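Subject: Structure handover

Hi,

Here is the structure we talked about. Please open it alongside this note; my findings follow below.

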Amino acid sequence: MADRIPAEDNPGILDKFIGYLLGNDKRDFQEVHIDAGIIDEIISIARESHPNEFAALLEGKIKVNTLKIQGLVFLPGETSNQGAVMQTFMKPLITGTIGSVHSHPGYNASPSKADLYFFSKNGLFHLIIAEPYDEHSIRAYDSMGAEIRFKII
Ligand SMILES: [Zn+2]
């Protein structure tokens with residue numbers, strides 16, 4: 001993916017990208033706000049996809065120590081029963097995306113080993129929604145896989 005970045009045109013962007021890879025941007029925010037409409041969308045897609053997983057990317061911005069999640073980016077062919085996240089990992093980085101969301105059929109919203117690897121390489125904020133697919137079965141993680149709190153706004 002590195003050869004997609006025009007480093008000489010954007011002096012800051014390569015550092016930013018490496019920051020994402022290393023996960024050291026996580027201190028840039030103290031609070032996470034997720035738009036309620038996005039939560040609703042995640043819940044309905046998780047239910048529709050069941051018993052398969054779905055995965056999408058999250059769009060967001062950090063403003064005054066608050067990470068605001070404002071959009072979902074769907075990638076074609078992400079619904080599968082064998083590791084939606086790893087497919088996402090193969091896609092090029094999309095500008096404005098800061099993390100990911102995926103579903104876990106079953107009641108365990110903890111990241112798998114593959115999820116932890118993915119989190120460490122891709123963005124700074126990740127959601128996992130498990131059954132029964134409601135707002136209480138959504139967990140949020142930073143790039144290190146540590147659980148973090150969020151508010152639905
Ligand atoms: Zn997972």
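I start at a glycine. Just after α4, Gly 123 has a positive phi of about 80°. Keep in mind that this is a predicted model.

Helix α4 itself covers residues 113-121. Its buried residues are Asp 115, Phe 118 and Phe 119. They share one side of α4, because their arc around the axis is only 100°. Lys 113 and Ala 114 are on the other side of α4, and both are exposed.

Now the overall layout. The protein chain contains four helices and eight strands. In sequence order the pattern reads α-β-α-β-β-α-β-α-β-β-β-β. Of the 153 residues in the protein chain, 31% are buried. Take the contacts with a separation of 6 or more: 66% of them link residues 24 or more positions apart.

- β1 with β3: residues 31-34 and residues 66-74 run parallel, joined by four bridges. Ile 34 sits opposite Ile 69 in β3.
- β2 with β3: this pair is antiparallel, with eight bridges. Here Gly 60 sits opposite Ile 69 in β3.
- β5 with β6: residues 125-130 and residues 138-142 are antiparallel, with five bridges. His 126 faces Tyr 141 in β6.

So which residue in β3 stands opposite both Ile 34 and Gly 60? Ile 69 does: Ile 34 is opposite Ile 69, and Gly 60 is opposite Ile 69 as well.

β2 and β3 also form a hairpin, with two residues between the strands. In that hairpin, Val 64 takes a positive phi near 45°.

Is Leu 57 buried or exposed? Leu 57 is buried, because 23 other C-beta atoms lie within 10 Å and the cut-off for buried is 20 or more. Leu 57 and Val 73 are 16 residues apart in sequence. In space, the two are 5.0 Å apart, C-alpha to C-alpha.

Over to you.

Best wishes

Notes
Residues numbered from 1 in each chain as written. Predicted model: local features only at pLDDT ≥ 70, side-chain atom pairs only at ≥ 80, totals over all residues. Pairing = 2+ DSSP bridges. Buried ≥ 20, exposed ≤ 12 C-beta atoms within 10 Å, placed from the backbone. Contact = placed C-beta atoms within 7 Å. Arc of directions from axis to C-beta.
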